[in-house]
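Please open the structure in your viewer and keep the selection tool at hand. The stops below are meant to be taken in order.

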Amino acid sequence: MTDVVLLSTADWDHPLWTNKQHQALSLAALGHRVLYVDSLGVRSPRVDRSDSRRIWRRLRRGLRGPRQVRPNLWVISPLVLPGRSAGVWGALNRWSLAFSLFVADWALDFRSPLLWTFNPQTRRYLRLRKFHATIYHCVDRIQAQPGMPVAALDAAEVDLSGAANAVFTTSPELQASIAPRNAGTHYFGNVADADHFGRALDPSLAPPLDWQDGFSDGPVLMFVGAIDAYKLDLPLLETLASGHPHWSFVFIGPVGETDPSTDVRGLKRLPNVHLLGPRPYATLPAYLAQADVALLPLQLNTYTRHMYPMKFFEYLAAGCPVVATAIPSLLDQGDVALLCPPEPQAFAVAIESALAGHGPAKALRLERAQSNTYRTRTQAMLAVLDRHGLLPMQPLPPQAPPYHHVRSQWRWSWLGAQLNLLGVDALERLGGRRWADSWLRGSLQRRPNNTVLLAGLTERCLQSGNYDEACRLIERIWDEDGEAELLRHLLFRRGSRPGSRLDQLALFEALASSTRLPLHYSGYCRVVRTYRAIDAKDGVALRHGVDGLSEIVAWLEQDPNTYCCLKPNRENRAKLLISAQLTRLRALMALKDTLGLERASLELMESVRRYDPFAIDRKTAVRMTRNILRSLTVAAVMAWHAGDADRYDQVVTEVSRLRDACFHERFEPIIHSTQEDHRAVADALLRMLSDARWSGECPDQRPDLEQLVDPVLLVYFPDLRRQRAEKARQFLQSLGPRVMG
């Protein structure tokens, strides 16, 4: 079970349900807990009846807490001024949304929640890092609707598409435009509630109460949905209706709700046209049961080229023959619908063909509808997220992180534990270390799962050098909260590590052997342990480190999802793989194990060929640039040592590929925010390694080792420290006699 905060662009109780409501329902039906956030508004309100009613409803509901509308599904309606995401009003909107989420989080106790957002302006309202992962579900080109702030929405969508962990799109055009910005972009076309609309096939289903005999004097052509001039081809419909008076045209849905310029006076003048207005979602199958043909008479414009009409599969599920404009998203559905250009004559011919029964077979239409349901699509989406490593662990630890971390600190268990630690510290300052230790352990016996007390005892064990017990305590903390913040500090904040390098070697030896910690923790424990062994010049520990890192490399290489991991930085499997590869190479360099370096370099090249920086999280791809180039530098040295010019060229080719990727526009928004200048390092290494190339036909032209001193220095140090050139020179000399290829 996963907790999901779904940020919608449509209110839950809107009469025309869209992807947002159905996605929430399907997630809840699959057992996940969903908090549905009503629309925050992406445009400023208009002075008309539609927006006035919506504002009034929001005022009535905005002061309420979360209301449960289905099993596992709650709705909140934050009080916000629509269309304002900047300035004072933007700040007030963010505060109001934060307060609503805080109340809901306190009431529902959401843990490690996913953010599933349909709003391109999400980053202006929420901090994505507070969620376990963020999914942007892009269902249409909302900025192409009338009255939208196009430039602001374009910029916001570009920003969100790059920052989200994954993106789902519902049309080929949306996929083509967004995929270059995010490695986790996947195309899932629109679907339908096939069971709901399949009720239209029930022969016992009575006609709607307001269905009039006059509607069915001839064939009934029906459209269900919002009637807006920016997407429906109203002139085409007017021409069709006036030219075929024996056909009855029935329209169900609000008129001009999104586009106030919509003018249906021409249609209203025609006696065979019936605009019924919106009808409850529950009654739509009864209306579609009366239709002889279902229509999708769309224009071809920027909006419709990026849309995938949800009603298409609803029509199919109801058993209706479908005549639709051939928009890009429907081109692969020509076997179940009659697709044509938005021209009156083409539509008339297609309708006549459908009425004559010459269209696609009903059985095929129903089969297609059943294979495109919200449940099947949501299951496929969740499988993709799992493959990318973005779903929280299951089952969640009992004290998994809440959305608002402050909630943990407002509980009596946290406050009581803090007071306990203050007492322990006071006793120790007074010289009663044994009493302090006894008090802390006694408190833990009464509250054995309190992570604050566990962390306090762990720090005391670390200070006293009791690393085996510290490891067991860290495992207990991980089992309880799924974070183990103390371990993260030990791994990635050098100043928090206790004792000498030898002490740290013993500590990380204990942690690396853990079978309960996740791989991204135990793996980096092996990395840190090996670097401490290099510092200590401990040959036995170095060999042990090489063996452990080889196990990690083998395990990650066998995992088919390693090279498409979208987890951030230190939890990313591809980054751990490269870190393990480089650390193993460094350990073998310290051991002066030439044969081991040769084997490890060949394995590295296999990994690098599989690695695509555009297939993983973009921040991680940037941050691992230096390590992968350092590793390739060692591979180049080993090719040089073997006298294998072809292999050396292959290494340089991979360095060039990764250097070019580093300069790609996808990484531009973040490349300058990293601590290291990855582009400068990539340029420097490519230039130095390229200068050392030689022809395989002229082995005597292989450069002297002096030409590789500078590249090797960049393996050891963050910049060219030529005063330490002897270190690189000694390594190159330690490789032994030249081996001719």
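A nonpolar core is a set of buried Ala, Val, Leu, Ile, Met, Phe, Trp, Tyr and Cys residues joined through side-chain atoms within 4.5 Å. With that in mind, and remembering that this is a predicted model, begin with the largest nonpolar core, which has 107 residues, and select Leu 487, Leu 511, Leu 597, Tyr 648, Phe 731 and Leu 732, the residues with the most contacts inside it. Next colour helix H27, residues 625-642, which supplies the largest share of this core, 10 residues. A second, separate core of 92 residues can be found by selecting some of its members, among them Trp 17, Val 34, Ala 241 and Val 323.

Return to Phe 731 and, leaving aside its neighbours within four places in sequence, show the residues in contact with it, namely Met 589, Leu 597, Val 637, Val 712 and Tyr 716.

Now select helix H25 (residues 594-610) together with helix H28 (residues 645-662), which pack at an angle of about 40 degrees with their axes 11 Å apart. The crossing of H25 past H28 is left-handed, and the residues that make the contact include Leu 602 and Met 605 of H25 and Val 651 and Leu 658 of H28.

Finally, select helix H1, residues 19-29, where nine of the 11 residues are buried. After H1 comes Gly 31, with a positive phi near 100 degrees.

Terms used:
Residues are numbered from 1 along each chain as its sequence is written. This is a predicted model: local features need pLDDT of at least 70, side-chain atom pairs count only at pLDDT 80 or more; totals for chains, interfaces and linings use all residues. Side-chain values use heavy atoms; hydrogens and water are left out. Buried means under 20% relative accessible area, exposed over 50%, partly exposed in between (1.4 Å probe, protein chains only). Helices (H or I, at least four residues) and strands (E, at least two) are DSSP runs, numbered from the N terminus. Contact means heavy atoms within 4.5 Å. Axes are lines fitted to C-alpha atoms, for helices over the stretch in contact, and angles run from 0 to 180 degrees between N-to-C directions. A crossing is left-handed if the near helix is turned anticlockwise from the far one by less than a right angle, and right-handed if clockwise.
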